[in-house]
Amino acid sequence: MNSWVDPKIVSKARRDKAKLVFDRFEEQQPQCVFGLGDVCCKNCFQGPCRIIPGKQEEGVCGANADLIVTRNLLRHVAAGTACHTDHAKEVLLALLKISEGKTKSYPIKDKEKLFFVARKLGLKTFGKSVKQVAKSVVLEALEEFRRQEGLLKQREGLTLNWFKVRANKERMKAWSKLDILPVNADAEISHALHQTTMGNDADPVNVLLSVLKLGLVDGFAGMSLATDVQDIIFGTPYLTKSTANLGVLKKDWVNIIVHGHLPLLSEKVLEWSRKMGLHAKKVGAKGINVVGMCCTGNELLMRQGVPMAGHVMQQEMALVTGAVDATVVDLQCIYPSLQDIASCYNTRLITTIDFVKIPGALHLPFEVENADRSAKKIIKEAVKAFQKRKGKNVLIPEKVSELYGGFSVEAIKTLLSKLDKKNPFKPLINEMKSGNVLGIVAVVGCRNAKLRGQAFQEELTRILIKNNVLVVGTGCWAHAAAQADLMNPRAVKLAGDGLKHFLEKVGEANGLEALPPAWHMGSCVDCSRIGALFTQLSEASNTSLPDLPIACSAPEYMAEKSLAIGVYFLDLGVTTHVNPALSIKGSKIATRVLTKDLEKLVGSRVIFGSTPETAAKKIIGVLKSKRNL
Ligand code: NFS
Ligand code: SF4
């Protein structure tokens with residue numbers, strides 16, 4: 001079996017008695033069939049109720065399989081959406097404090113993007129200072145969470161402001177026709193919880209429409225808002241070179257892993273690690289090595305070229321190396337098991353967010369007002385831990401992969417503009433028209449223990465590239481693709497002739513041997529960059545989004561966030577493959593609507609495929625059916 005799991009690290013974990021995610025997964029077998037099919041309900045205390053076809057067709061209250069399955073789906077999507085809107089709010093409130101001068105710890109690096117967003121929102125910028133413009137942008141953005149006019153008001157055009165920044169007219173019409181334009185992100189999330197309690201909505205199709213609505217909340221008031229604000233504060237990424245894999249840890253250095261999702265914390269830790277090198281040298285270290293885990297790793301790679309240590313399923317293995325002095329976490333995708341593993345070694349686990357605490361870990365609350373002080377404290381803790389670690393039980397895998405990342409839409413346009421200055425997207429569109437490039441597929445999302453260490457993401461990416469499909473992506477896929485050397489210009493040799501030729505042409509125009517065939521577009525919230533790329537390609541080619549040869553795949557999803565992202569892509573008209581298959585088999589209505597009828601509603605559908613080969617075949621079939629560019 002092709003796997004990314006390092007056997008030496010697994011044996012070391014056994015020796016050190018550190019339990020890994022796979023061990024716990026095996027302990028959980030067999031998993032409950034009702035849970036697997038999402039045909040159980042615990043939404044009231046007459047339950048739990050479960051559906052057994054032909055025997056128990058309804059819960060105590062009369063809810064049937066269609067209702068239970070769709071309600072569960074809506075709850076998952078609501079939870080995933082809440083993660084992204086919370087993330088967006090966090091960075092937005094940071095920008096508010098920056099604009100009001102309440103913190104001097106952060107800059108406003110991308111003024112151009114700030115003014116672009118302000119103009120899109122219809123704000124006056126003439127004669128105003130950068131901070132004044134920033135504040136007016138924040139106030140407009142806060143409306144996404146504040147507007148209380150009532151849910152009927154969307155018919156009067158009162159909907160999310162970020163649509164003005166990132167959505168196109170054709171899509172807005174489709175969403176408006178379905179009556180799924182959200183008014184207030186927080187209200188829609190709480191509405192979804194309300195709608196799915198005992199004795200409310202009994203119409204599964206109506207519940208599915210709310211799923212579609214939350215996809216818009218996730219995509220615009222969550223991901224797009226977060227990405228745009230982060231770019232404004234920290235700068236928009238451009239092409240950057242870096243390294244990936246657990247091999248980026250360094251034996252004689254103070255190693256700090258930043259893990260989670262918010263660049264607010266990790267950017268500061270990085271900044272202070274660069275200023276506090278002497279501190280480390282005083283205790284005998286060669287310096288301070290900050291590396292990124294999961295999506296925070298992607299954020300730091302994109303803007304700062306920081307090495308990427310690993311994806312979600314490598315967070316424990318990184319500690320098993322024995323070389324990590326501190327793991328600093330903020331929020332999301334942080335295994336509760338981390339402290340148990342950290343205590344097998346000398347790793348200091350540091351939590352920083354008040355609603356993400358782990359018993360046994362050191363909690364250092366992080367606030368933007370005293371970001372510098374917190375970051376310094378974190379570094380000092382790591383240096384202290386290094387003093388205890390010296391000379392102990394360390395095993396760092398040798399493999400380090402080189403990669404190019406930083407493919408923001410702006411970076412892509414800059415690269416393509418070397419071929420056509422006036423219409424940067426034209427060369428790519430022409431290649432897509434001629435079929436030299438068959439299409440673009442976004443491969444995104446997590447890794448899932450259910451796949452037991454297979455390399456589905458890498459295999460799928462390889463097959464697509466070979467078939468002249470340009471692959472773009474985010475999240476844990478980016479770590480996987482980088483580790484498999486697919487983000488390296490040398491990987492063009494794996495591409496089909498048409499794609500290879502195109503990548504070499506753009507590469508050469510930019511002074512490189514070629515562009516890699518897999519483009520790192522950032523963290524999971526940066527799926528908004530992919531959405532923006534697709535939207536701009538649609539406008540530049542005068543082709544509606546559902547008619548473009550594009551598709552999406554989340555081949556190893558595990559987080560509820562992934563479902564929300566998937567729905568965002570469906571809303572955009574992008575057919576989306578997911579694996580493991582969605583737990584909707586128990587509901588005929590959910591299966592029919594999501595895998596078929598959706599095509600008529602938003603121009604996309606959900607597809608399944610449980611091997612890289614079957615998934616690729618179906619995805620390529622979708623691209624081939626869209627040749628009227
Ligand atoms: Ni996104 Fe998946 Fe987590 Fe990032 Fe990784 S697991 S939904 S990719 S780190 S958020
Ligand atoms: Fe059972 Fe209905 Fe209560 Fe769900 S809401 S637990 S189906 S009685």
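What share of the contacts in the chain with a separation of 6 or more comes from residues 24 or more positions apart? Hi everyone, the answer is 76%, where a contact means heavy atoms within 4.5 Å.

A word on what you see: this is a predicted model, in which local features need pLDDT of at least 70 and side-chain atom pairs count only at pLDDT 80 or more, while totals for chains, interfaces and linings use all residues. Residues are numbered from 1 along each chain as its sequence is written, chains are lettered from A and ligands numbered from 1 in the order written, and side-chain values use heavy atoms, leaving out hydrogens and water.

Now the whole chain. We have 25 helices and 16 strands, taken as DSSP runs (helices H or I, at least four residues; strands E, at least two) numbered from the N terminus. The radius of gyration is 24 Å, close to the 25 Å that the globule rule gives for 629 residues, so the chain is as compact as a globular protein of that length. That radius is taken over C-alpha atoms, and the rule is 2.2 Å times the number of residues to the power 0.38. Buried residues make up 62% of the 629; buried means under 20% relative accessible area, exposed over 50%, partly exposed in between (1.4 Å probe, protein chains only).

Let's zoom in on helix H8, residues 169-177, where Arg-171, Ala-174 and Trp-175 are buried. Down the axis of H8, its buried residues fall within an arc of 95°, so they line one face of the helix; the arc uses directions from the helix axis to the C-beta atoms. Their cover includes helices H7, H10, H23 and H24. On the face turned away sit the exposed Lys-169, Lys-173 and Lys-177.
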